[in-house]
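Here are some notes on the fold, written as numbered points. Please read them with the structure open beside you.

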Amino acid sequence: MDSVGRFTAVDGSVLDGVSATTLWTLRNRATEAKRSDGVIRDPWAITVYDAIDYDYAKFGRPNQSHALRARAFDIAARAYLVDHPKASVVALAEGLQTSFWRLDRDGILDRCRWYSVDLPPVMKLRAELLPSDDRIVGLSQSALEPSWIDRVHADAGGVDQTRADGVFITAEGLLMYLAPDDALGLIRDCAQRFPGGALMFDSIPPWLSRRTLGGMKLSNRYVTPPMPFALTADEALALAGRILGVAAARDVALPPGRGVFTLTTSPRLDRGFMRRNRPSITVLHFDT
C-alpha cells in the first residue's frame, strides 16, 4: 500500500507452475463477484485481483466454476463451525482465496484460529495484499510438510483439545495437482492425526486428469499444469472404507449457478455417465 492506503500494482508473474493457478481461480471469482448477477459476494477477491498486474487473459474466458466451488466450501465450513465454534480451520494451499473474510461476515470465526498454509511466494503475496488478523496464522510451507499438523495441535493445547474443539481442513484446488500417493497420504495423515475432525477437498474425474497430462490448453498462451490425481464422485465416497480413520464421506453439490451451470448442478442429472464424469467435492469425517 502507498502512504494513503491505496494498493500499488503487484507483479503476479512472481508465481509460476501450480502456484500460478491461484491467479486463474482468483480471476474467475473476482470477475463473477463484479457482476450484478454474480453467484458470489467477494469484495476482497475483487480488491486483490485489481491490485495484481498480470496477463489474466491467457486463462481464457472467465466462468462461474471457481466461484461456485468457493461457495460450496463456504457452506460446508459454515455448517461445521456452527457446531464447533472454537474449531481450528486449516486452509491447505490456500493461494489467494479469501474464504476467511467471506465467512467472517457471518460472525462465526470469532473464536476460531485460521491456518493459512502455502509456499513462500504465495504467502508473501497474501501478506502484501490481504489484511492481517490476530486469528490468522500464516505458515509458509508445503501442505505435504507435516509440521503444520504439530503446530495446530500445539496451539490448541494438545490432541485431546483439538478433538474437543474440532478442526476443519480444506484442500480447495489442491489434491488434483499431487501425485496419487501424496494425495492419499495427506488424507491418511489428516484422518489419523485429527480424530473427530473433517477434511473437504475437490476432485477432477479421470478423463480430465488424462487431458491435463497430455497438455490441456485454456488458451493458445496457457497450458494447465498436470493434474495426476483423479477421483469420480463415488470413488471419493469410497475413501470412507479405504482409508483408516475416515468414518464417513459425503458428496457436496455445487450451489445453483447461472445459465448452463443451472443444469450442470441439477440433482436430477447426477447419475450414470454425468455422475462418473463430473468434478466432485467431498467432505470426509474422521473417527473420534
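1. In this predicted model, seven strands make an open sheet with mixed pairing, in the order β5-β4-β3-β6-β7-β11-β10. Strands (E, at least two residues) and helices (H or I, at least four) are DSSP runs numbered from the N terminus; two strands pair if DSSP finds at least two bridges between them. β5 (136-140) and β10 (246-251) are the edge strands, each with a single partner, so one side of each has no neighbour in the sheet.

2. β4 (residues 113-118) pairs with β5 in the parallel sense, over five bridges. Tyr-115 stands opposite Val-137 in β5.

3. Helix α6 (residues 147-156) packs on the sheet and touches β3, β4, β5 and β6; contact means heavy atoms within 4.5 Å. The direction of α6 makes about 165 degrees with that of β4 (axes are lines fitted to C-alpha atoms, for helices over the stretch in contact; angles run from 0 to 180 degrees between N-to-C directions).

4. The largest nonpolar core has 57 residues; Leu-109 and Met-200 are among those that touch the most other members. Such a core is a set of buried (under 20% relative accessible area, 1.4 Å probe, protein chains only) Ala, Val, Leu, Ile, Met, Phe, Trp, Tyr and Cys residues joined through side-chain atoms within 4.5 Å. Helix α3 gives the largest share, nine residues. Another core, of 33 residues, lies apart and includes Tyr-115 and Val-137.

5. Residues are numbered from 1 along each chain as its sequence is written, and side-chain values use heavy atoms, without hydrogens and water. Local features need pLDDT of at least 70 and side-chain atom pairs count only at pLDDT 80 or more, while totals for chains, interfaces and linings use all residues.

Terms used:
Buried < 20%, exposed > 50% of the residue type's maximum accessible area, 1.4 Å probe, protein only.
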